Amino acid sequence: CFVLTLLFGWSFHPLAAVVPFILMLYFCYFFRNPRRHIEQDPSVVLSPADGTVTDIVPLETDEDGFLQEPCNKVIIFMSVFNVHVNRIPLAGTVERVVLSPGRFYAADKDKAVLHNERCALTVATPAGARYAVVQIAGLIARRIVCRAEPGDRVTAGQRYGMIRFGSRLDLYLPLATEVTVREGEVVRAGESVLGLLREAAGDKA
């Protein structure tokens, strides 16, 4: 876009450079990676993404197959104006990373979780709990970035990837988690608290 701005402005007319110039500014805005104040309490579940909590669903059986046990599912929708850097919700060790190619349905549709391109990250906490974070591509998003690998030890709030241009992130938490966030709340990755993992809190006490 920077090159097109110079090319159009020089070769045609300054007004022709307006569109690529605006796109250049938007791309710089989209790929921003702000610093965040990270909560250090190991029992606190941090938001893995910026966006809006659209749904909180208790699952008696994990029909999506990511955690494979009863859990609480928290869905966060990211618009094209949100920061798209994803962060680790709870410290632990990465057990599994599964990237599944797929379609690009709108991220707010129910079929997006199983049919869209996605990357599922399963983590075991030091207290023995397990959770899963699933990055899901959307209608516009065409690339998922996940830098975590099996065996990595990760810390709460650590940057581990991003989804480019509008998408969704699903967080599967063990039933021992007290979910404190509410549907419709706007959250920030690494700063907003989604809940409290009771087992971790009990171990700490």
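A residue is called buried when its relative accessible area is under 20%, exposed when that value is over 50%, and partly exposed in between (1.4 Å probe, protein chains only). By this criterion, Ser167, Leu169, Leu171 and Leu173 point one way from strand E11 and are buried, and Arg168, Asp170, Tyr172 and Pro174 point the other way and are buried too. The structure is a predicted model in which local features need pLDDT of at least 70 and side-chain atom pairs count only at pLDDT 80 or more, whereas totals for chains, interfaces and linings use all residues. Residues are numbered from 1 along each chain as its sequence is written, and side-chain values use heavy atoms, with hydrogens and water left out.

The chain contains four helices and 14 strands, defined as DSSP runs numbered from the N terminus (helices H or I, at least four residues; strands E, at least two). Of its 205 residues, 46% are buried. Among contacts (heavy atoms within 4.5 Å) with a separation of 6 or more, 71% link residues 24 or more positions apart. The chain exposes about 10,500 Å², of which carbon and sulfur atoms supply 58%; accessible areas come from the Shrake-Rupley method with a 1.4 Å probe.

Strand E11 spans residues 167–174, and eight of its eight residues are buried. Two strands are said to pair if DSSP finds at least two bridges between them. Strand E3 (residues 71–78) pairs with E11 in the antiparallel sense over eight bridges, and Met78 has Ser167 as its bridge partner. Strand E7 (residues 130–137) also runs antiparallel to E11, joined by six bridges, with Ile136 opposite Arg168.

A further group of three strands forms an open antiparallel sheet in the order E4-E10-E8. Its edge strands, E4 (85–87) and E8 (144–146), each pair on one side only. From one strand to the next, the twist averages 25°. E8 pairs with E10 (residues 159–163) over three antiparallel bridges, and Ile144 stands opposite Ile163.

The helices remain to be considered. Helix H1 (residues 2–11) packs against helix H2 (residues 18–30) at an angle of about 160°, with the axes 8 Å apart. H1 is therefore roughly antiparallel to H2, a description used for angles over 145 degrees. Axes are lines fitted to C-alpha atoms, for helices over the stretch in contact, and angles run from 0 to 180 degrees between N-to-C directions. At this packing, Phe2, Leu4, Thr5 and Phe8 of H1 meet Pro20, Phe21 and Met24 of H2.

Methods: Angles under 35 degrees count as roughly parallel, over 145 as roughly antiparallel, 65 to 115 as roughly perpendicular and the rest as oblique.
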